[in-house]
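Work through the exercises below with the model open beside you. Each task is followed by a stepwise solution.

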Amino acid sequence: METLTLVGCQFGDEGKGKIIDYLSKDFDINVRFNGGENAGHTVVVGDKTIKYHLVPAGFLGAKTVVISNGVVINLRKLVEEIDFLKQFKGNFDLKISEMAHVVTELHFKRDKYLEQLRGAGLIGTTLKGIGPAYESKFGRYGIRLVDFRDVNRLKENLDLLSKIYQIPYDEKYIDSLVQDYNQIKGYLFDTRSYLETELEAGKTALFEAAQGTFIDVESGTYPFVTSSHTTSGGVTVGTGLSPKYFSKFIGVAKAYTTRVGEGMFPTEIFGTDADKLRKLGNEFGATTGRPRRVGYLDIPMLRKAVKLNSLDYLALTKVDVLGKFDNIKVAVSYESNGTEIKEFDPMHGPDRINYESFKPWGGSEGKLQDYVEFIQDELGVPIVLIGVGEKRDAIELNGKMVLT
Ligand code: IMP
């Protein structure tokens with residue numbers, strides 16, 4: 001049984017889209033298992049840029065793409081995304097779990113309301129209704145795609161949601177939801193059973209997490225997190241498959257660190273250096289356009305990500321960007337109360353950070369290799385893929401993965 005689960009090692013925006021796109025051609029099936037349209041997995045195809053928000057980023061490469069039960073779906077967005085993607089691949093096989101929850105306009109309003117309520121302590125969400133959609137899922141008043149089979153049930157569910165949130169909705173809204181539903185109805189499936197059957201029959205699958213390890217609702221810098229499981233543990237509940245199907249894990253890390261929204265960021269940099277790195281890496285949110293906070297690579301953070309996700313392999317992205325930056329530093333350990341700390345703790349920021357400096361490598365392969373080897377040695381995990389440019393095929397192989 002060959003499966004590979006891919007996760008982000010930092011705060012999201014690690015460049016997962018490009019790595020998934022690259023890997024997907026070697027897999028029969030590509031599955032997205034968490035989050036919603038808060039994600040924006042970017043792939044540059046020729047002179048066009050695809051930003052996958054809900055559809056798996058291996059859409060072009062894998063034979064079948066699956067949106068499993070752990071994803072929360074804004075139907076309008078999904079319809080638009082499928083329409084947009086048709087120009088790149090006319091004959092595609094998409095399967096969507098009927099168990100997936102739907103993000104409604106009430107969830108959008110609730111997201112905005114909760115952020116306003118927090119005032120200065122706001123999370124800085126993408127305002128795409130993601131937290132509320134999971135909140136209603138776990139509160140047992142969510143709306144699933146299966147509820148659309150019966151419009152009366154759908155209406156009852158919306159009424160309950162409206163009462164709980166104290167937010168009214170217009171009856172016409174149901175019609176527009178149903179209209180969108182009708183456009184995706186043909187893709188609905190029992191994806192859990194489908195995946196189980198296919199994997200047992202020897203098909204291969206790539207599972208992709210959205211967002212990054214340290215905005216996981218359990219393991220991240222709570223409360224400055226998203227509301228889903230972004231770590232490798234999320235793949236079992238997010239697909240409904242038992243853990244026996246997952247044994248190999250790859251983490252994607254950017255050669256430096258970025259974060260959108262609020263929350264702890266030990267290696268963050270400010271001022272002109274930050275502006276320069278942000279500009280070099282075009283670090284603006286794929287979903288919201290917000291400027292991303294930027295900082296140095298944080299090895300203690302990656303050490304923790306390796307353990308939390310059981311990583312077998314790493315992909316390092318945007319090394320070309322960092323190679324142009326003239327002040328390259330890497331956090332190798334922290335200090336707190338005079339004691340050296342080797343691993344990131346999402347609950348407590350460090351007092352001090354110990355850095356090592358590197359010379360910019362520009363186009364020098366040798367110097368880049370030193371950087372890659374340094375990270376590999378520190379983490380004890382092979383870096384098998386290196387992202388060296390924006391274009392789809394700007395990837396260097398640095399070793400082989402064994403998935404069985
Ligand atoms: P939410 O997921 O919209 O609720 O936002 C919660 C936090 O996660 C905010 O700090 C967002 O900026 C962050 N976030 C959500 N999705 C992504 C993503 O795809 N990449 C990076 N950060 C994200």
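**Exercise 1.** Determine the handedness with which α3 passes α5, then characterise their packing.

*Solution.*
Step 1. α3 passes α5 in a left-handed crossing. A crossing is left-handed if the near helix is turned anticlockwise from the far one by less than a right angle, and right-handed if clockwise.
Step 2. List the contact residues. α3 gives Leu106, His107 and Arg110, and α5 gives Leu158, Leu161, Ser162 and Tyr165. Contact means heavy atoms within 4.5 Å.
Step 3. Sort them: four are nonpolar, two polar and one charged. (Nonpolar: Ala, Val, Leu, Ile, Met, Phe, Trp, Tyr, Cys and Pro; charged: Asp, Glu, Lys and Arg; polar: the others, Gly among them.)
Step 4. Take the geometry. The axes of α3 and α5 (residues 151-165) come within 10 Å and cross at roughly 15 degrees. Axes are lines fitted to C-alpha atoms, for helices over the stretch in contact, and angles run from 0 to 180 degrees between N-to-C directions.
Step 5. α3 and α5 are therefore roughly parallel to each other. (Under 35 degrees is roughly parallel, over 145 roughly antiparallel, 65 to 115 roughly perpendicular, the rest oblique.)

The model is predicted: local features need pLDDT of at least 70, side-chain atom pairs count only at pLDDT 80 or more, and totals for chains, interfaces and linings use all residues. Residues are numbered from 1 along each chain as its sequence is written, and side-chain values use heavy atoms, with hydrogens and water left out.

**Exercise 2.** At what angle do α3 and α4 pack, and which residues make the contact?

*Solution.*
Step 1. α3 (residues 105-118) and α4 (residues 130-138) pack at about 110 degrees, with axes 7 Å apart. Helices are DSSP runs (H or I, at least four residues), strands likewise (E, at least two), numbered from the N terminus.
Step 2. That angle makes α3 roughly perpendicular to α4.
Step 3. The crossing of α3 and α4 is right-handed.
Step 4. On α3, the contact uses His107, Arg110, Asp111 and Leu114; on α4, Ile130, Pro132, Ala133, Glu135 and Ser136.
Step 5. By class, this contact has four nonpolar, two polar and three charged residues.

**Exercise 3.** Locate the cis peptide bond and the positive phi of a residue that is not a glycine.

*Solution.*
Step 1. The cis bond joins Tyr222 and Pro223, with omega about 5 degrees.
Step 2. Pro223 sits in the loop between β10 (205-212) and α8 (234-239).
Step 3. Gln211, not a glycine, has a positive phi of about 60 degrees.
Step 4. Gln211 lies in strand β10.
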